[in-house]
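Notebook open, model loaded. I jot down what I look up as I go.

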Amino acid sequence: CYKDHRIAMSFAVLGCAAAGVTLTDTACVDKTYPDFWSHLATQFNIDLEASERDPSDKQGHGPATPAGPPSLVLVGMRGCGKTSLAKALAREEGLVAVDLDEEFE
């Protein structure tokens, strides 16, 4: 999560709908929403797996092993060009661009 609470929380929500989401720096949400993980678990009845991999993660949430190939994730405000940039980059690099807004619609 690169110590970014917004990315951690966004991917935690994504992980509720998509299998294989791994978060290894869950403590980064503590600065803005210390009860995030307990609220996610209790309010939405979500099972969180404990990590045995990251000893600095005192809360220990998230699976221990990343799944799948590396990914590039673009996060930003609405209308700032994430989708256009992702499609252009994917085309240039021969990758697949996935727009989560389109996936969830």
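This is a predicted model: local features need pLDDT of at least 70, side-chain atom pairs count only at pLDDT 80 or more; totals for chains, interfaces and linings use all residues.

Is F36 buried or exposed? I looked up its relative accessibility and got 8%, so F36 counts as buried, the cut-off being under 20%.

Next I went through the ring partners of F36. The rings of F36 and W37 have centres 4.9 Å apart and planes at 80 degrees; that is over 60, so I log the pair as edge-to-face. W37 is buried too, with a relative accessible area of 4%.

On to Y33. Its ring centre lies 5.5 Å from that of F36 and the planes sit at 70 degrees, so this pair is edge-to-face as well. Y33 itself comes out at 32% relative accessibility, so I put it down as partly exposed.

I then searched the whole structure for aromatic pairs and found two. Y33, F36 and W37 make up one aromatic cluster.

Then I checked confidence. The protein has a mean pLDDT of 76, and 76% of its residues reach 70 or more. I flagged residues 60–66, where the pLDDT is below 50; in the model this stretch still has 24 contacts beyond near neighbours in sequence.

Last entry: the length of α3. With twelve residues at 1.5 Å a residue, α3 should span 16 Å, and I find its end C-alpha atoms 16 Å apart, so the two agree. After α3 comes G94, and I noted its positive phi, near 70 degrees.

Notes: Residues are numbered from 1 along each chain as its sequence is written. Side-chain values use heavy atoms; hydrogens and water are left out. pLDDT is the predictor's confidence in each residue, from 0 to 100. Contact means heavy atoms within 4.5 Å. Helices (H or I, at least four residues) and strands (E, at least two) are DSSP runs, numbered from the N terminus. The expected span of a helix is 1.5 Å times one less than its number of residues. Rings of Phe, Tyr and Trp (its six-membered ring) pair if their centres lie within 6.5 Å; planes under 30 degrees apart count as stacked, over 60 as edge-to-face and the rest as tilted. Buried means under 20% relative accessible area, exposed over 50%, partly exposed in between (1.4 Å probe, protein chains only).
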